[in-house]
Amino acid sequence: MLDYFKKFKKSIDFMDGCERADLADLCTGEKYHIEKFAFLSGENGEYAVFTVKENENIFYFGNSVVSEVLKQVETDNMSEELRGVGVVFEKVVSKKKRAYIAIRFVD
(Lines give C-alpha, C1' and ligand atoms only; values in the text may rest on other atoms or scores of the structure.)
Protein backbone atom coordinates (compact mmCIF):
# COMPACT_ATOMS: atom_id res chain seq x y z
CA MET A 1 0.00 0.00 0.00
CA LEU A 2 2.86 2.41 0.75
CA ASP A 3 4.00 2.09 -2.87
CA TYR A 4 0.82 3.85 -3.94
CA PHE A 5 1.57 6.91 -1.80
CA LYS A 6 5.22 7.13 -2.87
CA LYS A 7 4.11 8.45 -6.25
CA PHE A 8 3.13 11.71 -4.57
CA LYS A 9 6.65 12.35 -3.31
CA LYS A 10 8.19 15.39 -5.05
CA SER A 11 11.79 14.34 -4.62
CA ILE A 12 14.09 11.43 -5.36
CA ASP A 13 15.48 9.22 -2.61
CA PHE A 14 19.09 10.29 -3.16
CA MET A 15 18.06 13.93 -2.61
CA ASP A 16 17.02 13.20 0.99
CA GLY A 17 19.56 14.58 3.44
CA CYS A 18 21.49 16.39 0.69
CA GLU A 19 21.84 20.09 -0.04
CA ARG A 20 20.87 21.61 -3.35
CA ALA A 21 23.58 23.51 -5.18
CA ASP A 22 23.40 25.57 -8.34
CA LEU A 23 24.40 23.96 -11.64
CA ALA A 24 26.61 27.00 -12.32
CA ASP A 25 28.74 25.97 -9.32
CA LEU A 26 30.03 23.09 -11.47
CA CYS A 27 31.33 25.43 -14.19
CA THR A 28 34.88 25.35 -12.85
CA GLY A 29 36.69 23.73 -15.76
CA GLU A 30 37.29 20.71 -13.52
CA LYS A 31 36.28 17.16 -14.37
CA TYR A 32 33.37 15.62 -12.44
CA HIS A 33 31.75 12.18 -12.44
CA ILE A 34 27.96 11.88 -12.36
CA GLU A 35 27.12 9.17 -9.84
CA LYS A 36 23.34 9.12 -9.71
CA PHE A 37 20.65 10.73 -11.76
CA ALA A 38 16.89 10.58 -12.11
CA PHE A 39 14.12 12.75 -13.46
CA LEU A 40 11.34 14.85 -11.95
CA SER A 41 8.37 16.27 -13.77
CA GLY A 42 8.16 20.03 -14.03
CA GLU A 43 6.07 22.63 -15.83
CA ASN A 44 8.17 22.25 -18.99
CA GLY A 45 8.56 18.46 -18.95
CA GLU A 46 11.04 16.23 -17.19
CA TYR A 47 14.30 17.58 -15.84
CA ALA A 48 17.31 15.79 -14.40
CA VAL A 49 18.41 15.70 -10.80
CA PHE A 50 21.92 14.37 -10.25
CA THR A 51 24.87 13.99 -7.90
CA VAL A 52 28.57 14.08 -8.65
CA LYS A 53 31.15 11.86 -6.97
CA GLU A 54 33.38 14.82 -6.11
CA ASN A 55 30.75 16.69 -4.03
CA GLU A 56 29.20 14.48 -1.36
CA ASN A 57 25.74 15.27 0.02
CA ILE A 58 24.96 17.76 -2.76
CA PHE A 59 22.52 17.43 -5.62
CA TYR A 60 21.96 19.55 -8.73
CA PHE A 61 19.03 20.24 -11.00
CA GLY A 62 19.97 19.97 -14.66
CA ASN A 63 18.93 22.60 -17.17
CA SER A 64 17.20 21.52 -20.38
CA VAL A 65 20.51 20.82 -22.15
CA VAL A 66 21.91 18.63 -19.36
CA SER A 67 18.53 16.94 -18.87
CA GLU A 68 18.30 16.05 -22.58
CA VAL A 69 21.78 14.52 -22.54
CA LEU A 70 21.05 12.46 -19.41
CA LYS A 71 17.71 11.33 -20.83
CA GLN A 72 19.54 10.06 -23.92
CA VAL A 73 22.12 8.29 -21.73
CA GLU A 74 19.26 6.55 -19.91
CA THR A 75 17.46 5.68 -23.18
CA ASP A 76 20.67 4.15 -24.54
CA ASN A 77 21.13 2.09 -21.32
CA MET A 78 24.49 3.74 -20.62
CA SER A 79 23.76 4.93 -17.06
CA GLU A 80 26.30 2.60 -15.43
CA GLU A 81 28.99 3.49 -17.98
CA LEU A 82 28.42 7.19 -17.32
CA ARG A 83 29.92 6.82 -13.83
CA GLY A 84 33.34 6.10 -15.35
CA VAL A 85 33.33 9.04 -17.77
CA GLY A 86 34.42 12.53 -16.77
CA VAL A 87 32.19 15.50 -17.51
CA VAL A 88 32.92 19.21 -17.64
CA PHE A 89 30.17 21.79 -17.31
CA GLU A 90 30.65 24.99 -19.29
CA LYS A 91 28.86 28.30 -19.61
CA VAL A 92 28.32 28.98 -23.31
CA VAL A 93 26.42 31.53 -25.38
CA SER A 94 24.19 30.45 -28.25
CA LYS A 95 24.13 32.07 -31.68
CA LYS A 96 21.08 33.98 -30.48
CA LYS A 97 23.15 35.37 -27.58
CA ARG A 98 21.41 33.22 -24.99
CA ALA A 99 23.62 31.95 -22.14
CA TYR A 100 23.26 28.37 -20.95
CA ILE A 101 25.28 25.58 -19.35
CA ALA A 102 26.47 22.70 -21.51
CA ILE A 103 27.94 19.33 -20.58
CA ARG A 104 31.04 17.95 -22.28
CA PHE A 105 32.43 14.42 -21.87
CA VAL A 106 36.18 14.07 -21.26
CA ASP A 107 38.68 11.30 -20.46
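How many bridges link strand β5 and strand β6, and in which sense do they pair? Select residues 86-93 and residues 99-106: these are β5 and β6, and they pair in the antiparallel sense over 8 bridges. Strands count as paired if DSSP finds at least two bridges between them. Helices (H or I, at least four residues) and strands (E, at least two) are DSSP runs, numbered from the N terminus.

A word on the model before moving on. It is a predicted one, where local features need pLDDT of at least 70 and side-chain atom pairs count only at pLDDT 80 or more, while totals for chains, interfaces and linings use all residues. Residues are numbered from 1 along each chain as its sequence is written, and side-chain values use heavy atoms, with hydrogens and water left out.

**The aromatic pairs**

Now show the aromatic rings: the whole structure holds 5 aromatic pairs. Rings of Phe, Tyr and Trp (its six-membered ring) pair if their centres lie within 6.5 Å; planes under 30 degrees apart are stacked, over 60 edge-to-face, and the rest tilted. Select Phe50 and Tyr60, a stacked pair at 5.5 Å centre to centre with 25° between the planes. Phe50 lies in strand β3 (residues 45-52) and Tyr60 in strand β4 (residues 58-61), so the pair ties together parts that are 10 residues apart in sequence. Both residues are buried, meaning under 20% relative accessible area (1.4 Å probe, protein chains only).

Next, take Phe59 and Phe61, an edge-to-face pair with 5.5 Å between centres and 80° between planes. Phe59 and Phe61 are buried too.

**The largest pocket**

Which residues line the largest pocket? Select Phe39, Glu46, Tyr47, Phe61, Gly62, Asn63, Ser64, Ser67, Glu68 and Lys71. A pocket here is an open set of points on a 1 Å grid over the protein atoms alone, where a 1.4 Å probe fits, with protein on both sides within 12 Å along at least five of seven lines; lining residues have an atom within 4 Å of a point. Colour α2 (64-75), which gives the most to this lining, with 4 residues.

Finish on Lys71: its charged end sits over the ring of Phe39, 4.1 Å from the ring centre. The cut-offs are NZ of Lys or CZ of Arg within 6 Å of the ring centre and within 35 degrees of the ring normal.

Key: Buried means under 20% relative accessible area, exposed over 50%, partly exposed in between (1.4 Å probe, protein chains only).
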